[in-house]
Amino acid sequence: MTSRLALLPAVIPLLLPLAAHAAGLDMSHGQAVRLFWKQEEIYDRNAQTVTLTGGARAIRGDVTVDADELIGYLRKKAVPAGQTPPPKADGANGDPMSGSLELYRIEARGNVHIYNQTDQGWGDHAIYDMDQAVMVMTGHALKLTTPQDVLTARDVMEYHSQTRMSVGRGDATVTTNDGKRIKADVLVSFSAPADPAPAGTNAKPPSGDGSPMGGSSKLDRAYGWGHVVLRTPTQTATGDRGVFVLATQISRRIGHVNVTQGQNQNNGSQAIVNMKTGIATMLPGSDSPIQGLVVPNEASPSQAPKK
């Protein structure tokens, strides 16, 4: 049976299960989710879903999800071991307002915008799984922004809160705020955990635990597969796969490597690029020699790729 209620913007406190991880985008823990909508609430008792239409919003903690339509997936609330289930309210019969159900998944459709005080994400469609603390976004112009970097992708964008892992699939790019750019067919980046509070203070660590939607998020390292490109203000390095470590500013490229600076070029099987010094070190492979083209006066000796 499906009931349709035409309501003004309102709030439904649907309690969610608690989880051990806390992250800026992690909606699997903490207080109740507040839901707002402009047109209809459609409760499908058979499918155990609540659909909010006409422009809807879900808020938990400091995280907000806006979309043209939000769908909440419900299930019976688990009863802790040793406790007796509370009696149903008269006429409740599983109604979402009765408190006997819990929200375990949110689906957002159309003009999706997820954000907190510092970070934002955009897509056409998104699903957030409360149990796994995983968000998957699809659509055009996929983007996640933080104060430190921007992640874009063409096909799919994922965020795994418990491991602080972001995945971009299809022409994925991470751009840091100091001008470095890493691009690949598939790009996996990991954020550093939240900084601890200073010793001797009562300050709480910043929310986010390194998530792309948490104010404390900061790129730690990134891995790329397929047509990997690393660009700095002075150099471009390409390869089949690679890794970039932010703390050391060292990047390694493997497979059909090409390092270009101006008109200078070096080709080989492997390369290590130090982005602090601008020096690229070419490494030979088992079956491919290093080849290079150096144009006089094009680069200083300290910046030219080295063998």
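**Strands, rings and a cavity**

Q: Where does Asp171 lie?
A: Asp171 lies in strand E14, residues 165-176. Strands here are DSSP runs of E with at least two residues, helices are runs of H or I with at least four, and both are numbered from the N terminus.

Q: Before we go on, what kind of model is this?
A: This is a predicted model, where local features need pLDDT of at least 70, side-chain atom pairs count only at pLDDT 80 or more, and totals for chains, interfaces and linings use all residues. Residues are numbered from 1 along each chain as its sequence is written, and side-chain values use heavy atoms, with hydrogens and water left out.

Q: Back to Asp171. What is its phi near?
A: Phi of Asp171 is near 50°, a positive value in a residue other than glycine. Most residues other than glycine have a negative phi.

Q: How accessible is Asp171?
A: Asp171 is partly exposed, because its relative accessible area is 38%. The cut-offs: buried is under 20% relative accessible area, exposed is over 50%, and partly exposed is in between (1.4 Å probe, protein chains only).

Q: Which loop holds Ala133?
A: Ala133 is in the loop between E9 and strand E10 (134-138). Ala133 is not a glycine, yet has a positive phi of about 55°. Its relative accessible area is 0%, so Ala133 is buried.

Q: Switching to cavities. How many of 30 Å³ or more?
A: The structure holds three. The search uses a 1 Å grid over the protein atoms alone, and a cavity is a set of points where a 1.4 Å probe fits but cannot get out. Points are joined across faces, edges and corners, and a volume is the space filled by probe spheres set on the points.

Q: What about Met137: where is it found?
A: Met137 is in strand E10. Its relative accessibility is 0%, so Met137 counts as buried. Its contacts, leaving aside neighbours within four places in sequence, include Trp122, His125, Ala126, Leu142 and Val156.

Q: Aromatics next. How many pairs?
A: Two. Rings of Phe, Tyr and Trp (its six-membered ring) pair if their centres lie within 6.5 Å; planes under 30 degrees apart are stacked, over 60 edge-to-face, and the rest tilted.

Q: Why is the Phe190 and Tyr223 pair classed as edge-to-face?
A: Because the planes are at 90°, with the ring centres 6.2 Å apart. Phe190 sits in strand E15 (residues 181-191) and Tyr223 in strand E16 (residues 219-231), so to speak distant parts of the chain, 33 residues apart.

Q: And Tyr223 with Trp225: what are the angle and the distance?
A: The planes are at 25° and the centres 6.3 Å apart, so this pair is stacked. Phe190, Tyr223 and Trp225 form one aromatic cluster.

Q: Buried or exposed, those three?
A: Phe190 counts as buried at 17%. Tyr223 is partly exposed at 29%, and Trp225 is partly exposed at 43%.

Q: Which charged end sits over the ring of Phe190?
A: That of Arg221, 4.3 Å from the ring centre. The test is NZ of Lys or CZ of Arg within 6 Å of the ring centre and within 35 degrees of the ring normal.

Conventions
1 Å grid on protein atoms, 1.4 Å probe; cavity = no way out; pocket = protein on both sides within 12 Å on 5 of 7 lines; lining within 4 Å. Contact = heavy atoms within 4.5 Å.
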